[in-house]
Amino acid sequence: MGTLVMFLVGFPFISALLLTLIRNNSARKVITYASSTLIILVALTFAVSFYTLGGVPLTVEEGGRLGGHLITELVDWGMIGGECFLVALITILGIKYKKWYVILLSVAQTGLEFWYEFTGKKPEFAIRNLYIDQMTVIMVLIIAIVGTLITVYACGYMDDYHNHHTDVKDRRPFFFAIMYVFIGAMFGLVMSNNLMWLYFFWEVTSVCSFLLIGYTRTEEAVHNSFRALWMNLLGGLGMAGGIVLLGIKHDISDIQGLVANGGELGGAVVIPVMLLAFGALTKSAQLPFSKWLLGAMVAPTPSSALLHSATMVKAGVYLLVRLSPVMEDQLSGFMVALVGGLTFLAMSMLAITVSDGKTVLAYSTLSNLGLITACAGIGTQETVWAAIMLIIFHAVSKALLFQTVGAIEHQTGSRDIETMHGLVRRYPYLTWTLVIGIAGMFLAPFGMLVSKWAALKAFVDTGLHSDNIIFTLVSTVLVLCICFGSATTLFYWSKWLATALASNPADKRHKNTITANQWVSLFTHGGLMILICFTFTAISKYVVLPYINGVYGIISEVLSQENIVLSVIMIVLIFLIPILTYTLIARNRPFPKAERYFNGAGTEDQVGFIDSFGNEKKEFLTNWYMEDIFDYRLMYRPSCAVSIGIMLAFVITGVVSGGGF
């Protein structure tokens, strides 16, 4: 098992080095294909090995502050060197672009960690550097399969990208190298139990996202990349403060130590947990830090897919899920849950107002991350189950959607939803990957909807059965957020789906120029989406529930057997009925022609009319975006203000109550 862990963390960095050195495009593709295949195979072997060994948590311990073993000591010093490199890189780029605040944030958090590490403040006892359980297996498979398939997709996409964007300097070796560093850092992050190790990989992902967002080096890209950097560095500073407080005040240096002792310590660790959660909230782009993820849309589609699905944002919610048992019925959990609920509602409403496909996906990502965050903050078994299932479905579905929208943009020259009318006739295969992705996000009985229903049920149950008045109030607010947020979610997904599937008899099939490597990723993600819909009950039974049992000691039934059977029947019918309808009825029927009525004389082509002055007017259809109701300027800043108010209120309450100081 140790060899597999070392390969998963180390091999992507080796691939990144090779991709940096090799300039030949064909050779780069071969390395990408080979690296992706190897990583996926090793990740699958890792998962099988875990269950072969009994499916019980596995740990790797160290002895002493710098480790009693040579490898551990080398890793520790390697991370210290890596931290110095990251600070130097941020400092150089901060000076170059005159962004002094990022230098200050980077130096402050690294200086705090070094002070803690080298002045004897860090506890002197053996800790478990690595911890592998069912949650680790889930994240490893998401990173390996979803993440590396995005790099395969990027092989064809980036060729086309630079053919269309000749003004952008071709830096593909750098682009692919950073993507693989990102993947390696994510493997290290989800396997790390040592808080110092987790912090190092956390910072690597922040810097990688900064570099990917700024790939084109345009003024907008540079501005957005530094916004992402300073927000994540601010979260990293909070996280560093939480780690230091836990070590100095409570002799806790690892996540499992915090989870194991959190119940006994109770409110005594509220402030350190809030600081760790603050770092996770910034990484997951929760309000008021959502703007950095919206700005990431300026980057090429593969980096957007990577940031929004398998990696960056999942790091934040992953940590929150790990901290869930400690946050249950605590001020830290109430803070996290309310911020998540507010983000879910606000971002769902804002998604209605935009027609740009990637922006809709970005708002949807923020919305779903808000729901996962709210579930983690409540911290009960049911909400943690919902959070994990949401992570799984969201990773696959959103990766598929981002890649599909990128392919549509290259085929049609636009990613505006309004230009996708009749897409089903022009590009049928792309349309069906889009349909599968959208269905996975909001249609029954696909997993996202099932998970949302489970979250709603859990919020209601916790509110009804809790004796804590604050817990009841928070649960009530979350029920309202999920009800109204889900309604708006239905609106913008239905609008997009109907536009793509509507067509005109005059629409003809267009030539397909999408490369084979893009289709490999698109079809694989589409197949995975369908597969996990059919197997989500097995995933729940053999992966998610055993994790919850290991953390909470008991398993409660989240979905009844009747609900599971009904869901399986619905999954079968949702695929079977359209196929049978088309095969037996619709295939040989002529396309229906609908005559349009205008208040005047309609033209022969049925796309216009003659007005009272005899002038021909063209008719057009468009979706309703409700900009006058959910205006960005009216909603975003107040939402940020409310989120900041929630954080300050709970932090001040925690400080007054002495939670960790």
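Student: Which helix is Ser36 found in?
Tutor: First off, this is a predicted model, with residues numbered from 1 along each chain as its sequence is written. Local features need pLDDT of at least 70, side-chain atom pairs count only at pLDDT 80 or more, totals for chains, interfaces and linings use all residues, and side-chain values use heavy atoms, with hydrogens and water left out. Helices (DSSP runs of H or I, at least four residues) and strands (runs of E, at least two) are numbered from the N terminus. Ser36 is found in helix H2.

Student: Is Ser36 buried or exposed?
Tutor: Buried means under 20% relative accessible area, exposed means over 50%, and partly exposed is in between (1.4 Å probe, protein chains only). Ser36 has a relative accessible area of 3%, so Ser36 counts as buried.

Student: What is the partner of Lys29 in its salt bridge with a 2.6 Å gap?
Tutor: A salt bridge is a side-chain nitrogen of Lys or Arg within 4 Å of a carboxyl oxygen of Asp or Glu. Here the closest N and O atoms are 2.6 Å apart, and the partner of Lys29 is Asp159.

Student: How many residues apart in sequence are the parts that Asp159 and Lys29 tie together?
Tutor: Asp159 lies in helix H5 (residues 134-164), while Lys29 belongs to helix H2 (residues 25-52). Both residues are buried. So their pairing ties together parts whose separation in sequence is 130 residues.

Student: Which residues join Asp170 and Arg172 in one network of salt bridges?
Tutor: Think of salt bridges that share partners. Along with Asp170 and Arg172, the network takes in Lys29 and Asp159.

Student: How many salt bridges does the count come to?
Tutor: One of them pairs Arg415 with Glu409, their closest N and O atoms being 3.7 Å apart. By the rule, the count comes to nine.

Student: Glu113 is buried yet has no salt bridge, so which side chain of opposite charge is nearest?
Tutor: Lys and Arg count as positive and Asp and Glu as negative, with His and the chain ends not counted. Glu113 is found in helix H4 (residues 100-118). At 7.9 Å away, the nearest opposite charge is on Lys122.

Student: What separates the C-alpha atoms of Gly188 and Gly10?
Tutor: Gly188 lies in helix H6 (residues 172-191) and is buried, at 2% relative accessible area. Outside four places in sequence, Gly188 touches Val9 and Phe201. Gly188 and Gly10 are 178 residues apart along the chain, and their C-alpha atoms are separated by 8.8 Å.

Student: What share of the residues in the chain is buried?
Tutor: The chain has 23 helices and five strands. Of its 661 residues, the buried share is 60%.

How values were computed:
Contact means heavy atoms within 4.5 Å.
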